[in-house]
Structures are given as C-alpha cells and as structure tokens.
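Biologist: I have a chain open on my screen and want to learn how to read it. Can we go feature by feature?

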Amino acid sequence: MKVGQVVLQLHLDWGLDTDTQISSNKCKVDPSVNCWNEYMKDDFLIKIETWHKSDLGTQENVHQLEPDVWKNVEAIYIDIADRSQVLTKDYKAEEDPAKFKSVKTGRGPLGPNWKKELGKQTDCPYMCAYKLVTVKFKWWGLQNKVENFIQKQEKRLFTNFHRQLFCWLDKWVDMTMEDIRRMEDETKRQLDEDFNGLVLQSVVISFEQMASFSSEDAFQDSAAVSLNDLENLHNFRSRSASFSSTGSSGRLQLRQRVAQLMACVEDISSDDEIHEEVSRTLDEAFLIWGKKLKDKWQEFRLHIVTWNVGTASPPPDVSSLLQLNSVGPTVDMYVIGLQEVNSRITNFLSDLAFDDPWSIFFMTVLAPLGYIKLSSVRMQGLLLLIFVKHVHLPFIRDIHTQYTRTGLYGYWGNKGGVTVRMSLYGHTMCFMNCHLPAHMENAEQRVDDFEKILEMQFEGENIPSTLDHDVLFWFGDLNFRIADYGIHFVRESINNKRYNLLWEKDQLNMAKKEEAFLREFIEGPLQFKPTYKFDLYSDVYDTREQKSLFWFNEKKRKPAWTDRILWRVKNLCKHAAKEGEFSEEEQTISVTLNNYISHMSYGISDHKPVTGTFGLELKPLVSNPLVTLHPEGEWSTEHDVLISYSAVPEFQSSAWDWIGLFKIQPNRTLIEKDLTQEDNSWMQTPDNLETHNEF
C-alpha cells in the first residue's frame with residue numbers, strides 16, 4: 001500500500017437532516033444495552049458521510065449541499081499534530097504525531113507547519129477526509145444541548161482516532177489492497193456460511209452473555225474455564241460432553257418414527273377406521289408423558305426488587321436487599337425494577353454508549369456469584385434488569401422488551417412502564433416495572449394508565465399479549481396512597497404496628513374492589529411500614545416544614561405503600577372465571593410468595609425498597625437446549641481452541657449466530673451449597689442424557 005498523508009476536515013451539520021448520502025453510516029444503539037434508540041425512533045439520528053479528496057482541505061461544500069443547508073454547516077479543521085485540540089484526559093505520548101517517528105517509513109514527527117511542508121512535496125501523495133456529521137435529536141427543551149454535545153464528541157472521536165491511526169503506521173503500512181480485500185472476503189464468508197455442524201476454531205470474547213459448556217459437571221467446568229482471566233487457562237484440559245449412546249440413538253429413532261407418523265397422518269381421512277385407532281394411541285402416549293411430567297415438578301426461586309432511587313447513586317452494599325447472606329436455597333433469577341434513575345442530559349448521553357451505573361453495580365455484585373444479565377430495558381428514569389443463573393440460560397427463550405409512555409398524555413417517558421417477557425422452561429413469563437402518576441387525587445389516573453400499559457403489544461410473531469402470559473408480575477412505584485385518614489392517625493397506626501387499620505383505605509385495595517381486571521392480581525399482606533415518604537438517610541417519615549411557593553404547597557407527605565409487587569397467574573384467572581371447568585391436573589405452574597418485605601436500612605432516597613421472594617413450582621415443558629456446545633482438546637491462550645456444537649432439528653440457524661466465551665467468577669461456597677441441596681434438582685440428569693450445561 002502506498003502511504004500518503006491524510007488531512008481531516010470535519011463539517012458539522014447542526015440538526016439538519018439531508019437526503020444527500022454519499023457514504024452514510026447511521027449510528028444505532030445496541031438494544032441489548034438499553035432501548036433509547038428504539039425509544040426515540042426517527043427523532044434520533046447520527047449520520048456520518050465521507051468524501052476523500054486529493055487536496056489539503058481547501059475545498060468547500062464537497063458534499064454538494066443546497067445553499068440554504070450549507071450556510072448552517074460549521075467547518076472544523078482538525079490538525080492531528082496540534083496538542084491543543086486534544087483533551088488532557090485523552091492525551092497519550094505514544095499516540096502523539098508530534099513525537100512519533102515511523103521506523104518503516106521514516107514519517108514523523110509532525111511539526112507545527114507539517115501541512116505547508118507537505119504541500120511543497122511532489123513525491124508524496126496526500127488526501128483530505130471531508131466528513132459531514134449530521135445529528136438530529138428532536139426532543140423539546142433538549143434538542144440544542146444534545147446536538148451540541150454529540151457534535152463535540154464526534155470531533156473528539158475523529159481527532160483521537162486519526163492521531164492513533166498515524167502513530168500505528170508501522171502496524172498497517174505493509175498491507176496491500178489484496179490483503180484488505182482478502183480480509184473483507186474472509187469476514188463475509190464467515191458471516192454467510194451455514195453454521196450447522198461447523199467446528200469453530202476461535203472464540204469470540206464478549207461480556208454481554210455467556211456460553212456454558214456441556215460436561216459431566218456443569219458447575220465445575222464453568223468454574224474451570226472462567227478463572228480470573230483467560231490467560232490463566234494455560235494447559236487446561238477440557239472434558240468433552242457426550243450424549244449417552246443409548247439415549248441419543250433411542251431419541252433419534254423416536255424422532256424418526258414421529259416424523260414418519262406425521263407423514264402418514266396427512267393421508268388419513270377422518271372417515272378411515274385407522275383414524276380412531278391412531279388418535280387413541282396418541283392419547284395414550286400423551287398420557288404416559290403427562291404422568292412422567294407430573295413427577296418432575298421443579299421449584300424455581302425468584303427474587304423481585306422494586307425501588308424508587310430518587311436519582312441517587314448505588315449504595316455501598318446490597319447484600320440484604322438481594323438476600324445474599326440468607327441460609328435458604330439460593331435465588332435462580334433476580335428481577336430488579338428501579339424508578340427515577342438519574343436521567344439528566346449528561347447521564348442520558350453517557351448511557352447511550354455505556355451501561356448505566358446501576359446496571360454496572362448489580363452486574364459487579366452478581367457476576368461473581370454465577371449470574372448473567374439476561375435482559376434490560378430502560379425508559380428515561382425507569383430501568384428493569386433481569387439476572388439469572390447461567391445454568392438456566394439454555395431454557396430461557398423468546399426474550400422481548402417493550403415500554404409504554406404515559407407522561408404528558410403519552411408523549412413523555414417520566415411515567416409509564418417497561419416490560420420484559422420470555423419463555424422460561426416453556427412457560428411464558430412477563431415482568432412489568434411501572435411508575436404511575438403521583439399525588440392523592442390521581443388514583444383514577446393511575447388505574448387508567450396501568451390499563452393502557454397492559455394494552456401494550458410486543459413486536460414479533462406468535463407473542464402473546466401481556467395478560468395472555470402464564471404469569472405476569474407487576475411492580476414498581478405505583479404511587480397509590482392512603483385515603484381519608486389524616487396524617488396523625490396514619491402515623492399513630494404505623495407506630496403501633498397496626499397496619500391492618502390502614503389496608504381498607506389503601507387506594508390500590510379500594511381500586512381492586514371496583515375494577516375486575518385488578519382483582520386478578522394477587523398481593524401479599526402489607527405487614528411492613530409504608531415505604532414513602534422518608535427523610536434521606538433516615539427511617540423517620542417526612543419532617544419538612546410546611547411552606548408554599550406560588551400554587552405549590554410543600555406540605556408533609558402522608559406515609560403510603562407506594563412501592564408494591566403483585567402477580568397474576570393466567571390459569572387461576574380462568575379457574576375463577578369458569579369454576580368447575582378447569583382441573584388441577586391441567587396446571588403446569590404455580591406461584592408461592594415466600595416473603596414480602598421492605599428494607600428500612602437503605603436511605604439514599606425518600607422511598608424504601610421492597611422485595612418479594614417467590615417459589616415457582618413448574619413442570620418444565622422444555623427439557624433440551626436448542627444448541628449443545630462441546631469444547632475439545634487442550635486449551636491454551638497460545639493457540640486457537642476448538643469447539644463443536646450440535647443443534648436440535650427445529651433450531652433455525654442464522655448467519656448472525658455466534659458463540660461467546662465469557663469471564664465469570666463463580667462463588668465456590670454457593671456452588672457447593674447448590675450441589676449439596678437435596679431439593680435443588682435443576683442439575684439432575686435427564687433420563688437419556690448425561691449431566692450437561694449448554695449455551
């Protein structure tokens with residue numbers, strides 16, 4: 001590759017979206033991190049268009065914009081050798097073109113007049129990269145601030161990158177166009193190739209999910225391949241998983257026979273004598289399988305947290321909140337719903353590219369204990385996080401997220417709901433974190449808004465509506481208050497722990513008497529103090545002095561159970577609607593509330609967090625993972641590693657499928673505790689498979 005010099009000229013289009021696209025790349029936020037891009041839809045756009053010209057940045061309007069558009073474009077000239085254009089925190093001496101000298105080409109260091117000197121040279125080609133950055137952020141009150149901020153960040157990005165590119169000259173100078181084209185073709189080939197049965201000889205390292213490996217002992221293998229760092233994997237001998245030969249061949253034969261039966265059924269008429277006999281035989285087969293399932297009820301332990309954090313940062317410790325020191329069975333899944341997460345403009349923009357501080361905090365706490373962040377969804381201050389033990393990952397499918405805005409008549413996301421739905425061992429589950437309107441007089445509005453949130457639909461085929469899920473959990477800062485009673489009576493009842501005196505006037509309990517759809521939701525007894533409103537870092541209720549500012553009356557708030565956790569089981573609702581037509585035999589999942597408490601020790605906001613720990617008794621309707629991984633041979637950081645995998649016939653592969661190796665740090669104490677508990681049967685071996693742990 002012939003090396004020349006590059007001069008970068010950056011054009012900033014302030015909030016104007018044009019139809020001119022020469023080389024366009026739209027910036028899109030990864031929905032697995034958060035949903036801001038989906039939330040903003042067409043009102044948020046970052047577009048970068050580039051022309052390379054063989055000059056020193058002397059041309060104007062290279063992108064041929066219309067005159068009325070070009071007059072609003074600011075041209076910024078970036079000099080990669082100018083130290084003053086680099087922020088102090090970004091500066092690195094080894095990435096300074098004013099100090100770097102290429103060993104292979106002799107280029108550099110660049111002096112203050114390097115562009116003038118370059119223009120006088122006749123034997124050195126050069127070009128200028130004209131980049132047009134278009135930013136559109138249509139949000140009333142924030143548009144100019146956000147667009148200005150993003151434009152500054154783009155300039156910073158281009159400046160730092162091109163300084164680095166010059167200083168990395170010796171790393172890429174020997175590459176030819178053939179080398180580059182070959183790399184492009186190889187990448188395309190890998191993406192387009194059918195992955196069925198493919199043996200992957202390298203592992204993509206990422207930190208969003210984790211591939212769990214089949215082995216004789218899932219926990220031991222995951223601990224072995226996830227030592228403190230991948231470098232510690234030296235000479236690790238992986239044990240390949242294998243199917244039980246008898247079980248595997250038996251299952252294959254059974255599938256073949258079922259496939260043959262399906263082909264025969266196509267030719268059977270309802271008038272044929274064989275039709276009744278085949279139906280009777282199939283009924284017997286289902287009966288056998290039903291009896292087998294009945295003996296395999298499993299308990300899945302679920303812990304839900306709801307907390308209005310009042311824009312505060314995470315506390316130093318959440319052990320009691322997550323029950324990390326409890327002596328009972330460990331939690332299989334954590335569902336954490338937060339309200340009023342800091343969504344000021346600087347935090348909002350930072351969270352576009354990175355996880356928010358609360359997500360990072362909970363990941364830091366739970367990852368060493370063997371939990372993976374399964375999904376998250378955010379809408380302004382509403383955040384919903386789900387963490388699960390990695391052993392369950394192969395049996396959690398069809399994960400979708402959604403949100404509903406109800407603030408300002410549906411145009412503002414300060415109030416509303418964020419939702420995650422999934423299939424857990426074949427059972428449809430839905431988790432809904434809501435922040436409903438505040439103030440005593442808005443009880444009816446709260447009910448209306450929740451009804452609107454329930455009408456939300458998930459994108460995708462064959463996804464049930466919210467109320468059609470087997471189990472729906474509803475939680476958050478629901479903002480229901482205690483009506484009629486005065487503040488002194490309420491506080492006196494609380495001081496005497498006579499909470500039952502207040503239940504009748506709790507607005508949510510009152511609404512459930514009036515609204516049939518609310519009666520389908522179940523809640524545990526409110527045997528804890530109302531969780532709002534407290535002085536910060538205190539367990540004392542609001543002690544503010546009464547004052548008024550214009551029409552706003554800053555009076556003391558009456559305590560209330562604003563933070564709640566409820567749930568709804570679909571089959572129970574059917575049973576209530578058609579009593580006598582639904583048998584207990586048909587139930588495949590049940591929900592039991594083990595405890596429902598508040599946590600008074602946390603004082604970072606005026607709300608106390610509330611947690612609910614549930615036991616889900618369910619019959620697994622899905623017993624086999626779609627994909628099974630088989631690590632092979634000796635693992636070492638000095639060589640590529642070998643992983644093969646097998647997939648069930650119904651698995652629909654895609655060119656975008658990938659396999660990731662992730663660093664985890666399992667807690668040995670908790671692992672041993674899990675493996676020794678008699679009632680924890682998630683690791684039990686299926687009848688025809690050896691113990692496994694698959695991606």
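Biologist: Is Cys434 buried or exposed?

Modeller: Buried means under 20% relative accessible area, exposed means over 50%, and partly exposed lies in between (1.4 Å probe, protein chains only). Cys434 has 0% relative accessibility, so Cys434 counts as buried. Cys167, at 9%, is buried too. Bear in mind that this is a predicted model: local features need pLDDT of at least 70, side-chain atom pairs count only at pLDDT 80 or more, and totals for chains, interfaces and linings use all residues. Residues are numbered from 1 along each chain as its sequence is written, and side-chain values use heavy atoms, with hydrogens and water left out.

Biologist: How many disulfides does the structure hold?

Modeller: A disulfide is a covalent bond between the sulfur atoms of two cysteines. The test is a pair of cysteine sulfur atoms within 2.5 Å. This structure holds 0 disulfides.

Biologist: Which residues touch the most other members in the largest nonpolar core?

Modeller: A nonpolar core is a set of buried Ala, Val, Leu, Ile, Met, Phe, Trp, Tyr and Cys residues joined through side-chain atoms within 4.5 Å. The largest one here has 48 residues, and Met333, Phe431, Phe473 and Leu616 touch the most other members. Another core lies apart from it, with 23 residues, among them Leu366, Leu369, Leu385 and Ile604.

Biologist: What is Phe473 in contact with?

Modeller: Contact means heavy atoms within 4.5 Å. Set aside the neighbours within four places in sequence. Phe473 then contacts residues including Leu302, Ile304, Cys430, Phe431, Trp567 and Leu616. Across the chain, take contacts between residues at least 6 apart in sequence: 76% of them join residues at least 24 apart.

Biologist: How many helices and strands are there?

Modeller: Both are DSSP runs, numbered from the N terminus: helices are H or I with at least four residues, strands are E with at least two. The chain has 18 helices and 24 strands.

Biologist: Which strands pair with β9?

Modeller: Two strands pair if DSSP finds at least two bridges between them. β8 (residues 298-308) pairs with β9 in the parallel sense over 7 bridges. There, Tyr334 is the bridge partner of His303. β11 (residues 382-389) pairs with β9 in the antiparallel sense over 6 bridges. Ile386 in β11 stands opposite Val335.

Biologist: How many aromatic pairs does the structure hold?

Modeller: Rings of Phe, Tyr and Trp (its six-membered ring) pair if their centres lie within 6.5 Å; planes under 30 degrees apart are stacked, over 60 edge-to-face, and the rest tilted. The structure holds 19 such pairs. In one of them, Trp358 and Phe361 have ring centres 6.3 Å apart and planes at 85°, so the pair is edge-to-face. These two are 3 residues apart in helix α11 (residues 357-366), or about one helical turn. Phe361 and Phe362 are also edge-to-face, with centres 5.4 Å apart and planes at 65°.

Biologist: Which residues do ring pairs link into a cluster?

Modeller: The cluster is made of Trp307, Trp358, Phe361, Phe362 and Tyr602. Within it, Trp358 is buried at 2% relative accessibility, and Phe361 at 15%.
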